[in-house]
Amino acid sequence: MECGIKKRRQKNGLMQKKYPNIKFVSKTVEKEGDLYKITGDLTVKGISKVYVIKAKKSGSGNAISFSGTINVNRMDFKIGKKSDIVPDIMKVSFDLPAEQK
């Protein structure tokens, strides 16, 4: 993931070397009309927060995926400093393969 000037990214940003992964682990999945409500833990830079996301399911059989967008407050994960130039809320789009059990 690229997120700006390399030197600054390591100092105040995502710290890719120490935390190379952003992880979401679902706890519950509930069908709501055409969408799914997925509750789980989002972990960024070793900090975990509970997020509820709405996702659209596509595919069939074992080859399925969930897609959607979530708004993540970068300040919750200590990404950078407060700024009038960089917004606190990051819109994250996802398209995740899943295994149906």
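Q: Let's begin with A63, then: is A63 buried or exposed?
A: This is a predicted model, and in it A63 has a relative accessible area of 60%, which is over the 50% cut-off, so A63 counts as exposed.

Q: And where does A63 lie?
A: A63 belongs to strand 4, which covers residues 63-73.

Q: How do strand 3 and strand 4 run, and how many bridges join them?
A: Strand 3 and strand 4 run antiparallel, with five bridges joining them. One of the bridge pairings is that of K57 with F66 in strand 4. These two strands make a hairpin with two residues between them, where G61 takes a positive phi near 60 degrees.

Q: What about strand 2 and strand 3, how many bridges there?
A: Strand 2 is joined to strand 3 by 10 bridges, and this pair is antiparallel. T43 stands opposite S48, which is in strand 3. The hairpin formed by strand 2 and strand 3 has two residues between the strands, and K45 in the turn has a positive phi of about 55 degrees.

Q: Changing topic, how many aromatic pairs are there?
A: The count comes to two aromatic pairs, taking ring centres within 6.5 Å as the rule.

Q: Why is the pair of Y36 and F66 called edge-to-face?
A: The ring centres of Y36 and F66 are 5.5 Å apart and their planes stand at 80 degrees, which is over the 60 degrees required, so the pair is edge-to-face. Y36 is in strand 2 (residues 35-44) and F66 is in strand 4, so this pair ties together parts that are 30 residues apart in sequence.

Q: Are those two buried or exposed?
A: Y36 and F66 are both buried.

Q: And the pair of Y51 and F77, why is that one stacked?
A: For Y51 and F77 the planes are at 20 degrees, under the limit of 30 degrees, and the ring centres are 6.3 Å apart, so the pair is stacked. This pair also links distant parts of the chain, since Y51 is in strand 3 (residues 47-60) while F77 is in the loop between strand 4 and strand 5 (89-98), 26 residues apart.

Q: Buried or exposed, for Y51 and F77?
A: Y51 is buried, and F77 is buried as well.

Technical notes:
Residues numbered from 1 in each chain as written. Predicted model: local features only at pLDDT ≥ 70, side-chain atom pairs only at ≥ 80, totals over all residues. Heavy atoms only, no water. Helix = DSSP H or I, 4+ residues; strand = E, 2+ residues; numbered from the N terminus. Buried < 20%, exposed > 50% of the residue type's maximum accessible area, 1.4 Å probe, protein only. Phe/Tyr/Trp six-rings, centres within 6.5 Å; stacked < 30°, edge-to-face > 60°. Pairing = 2+ DSSP bridges.
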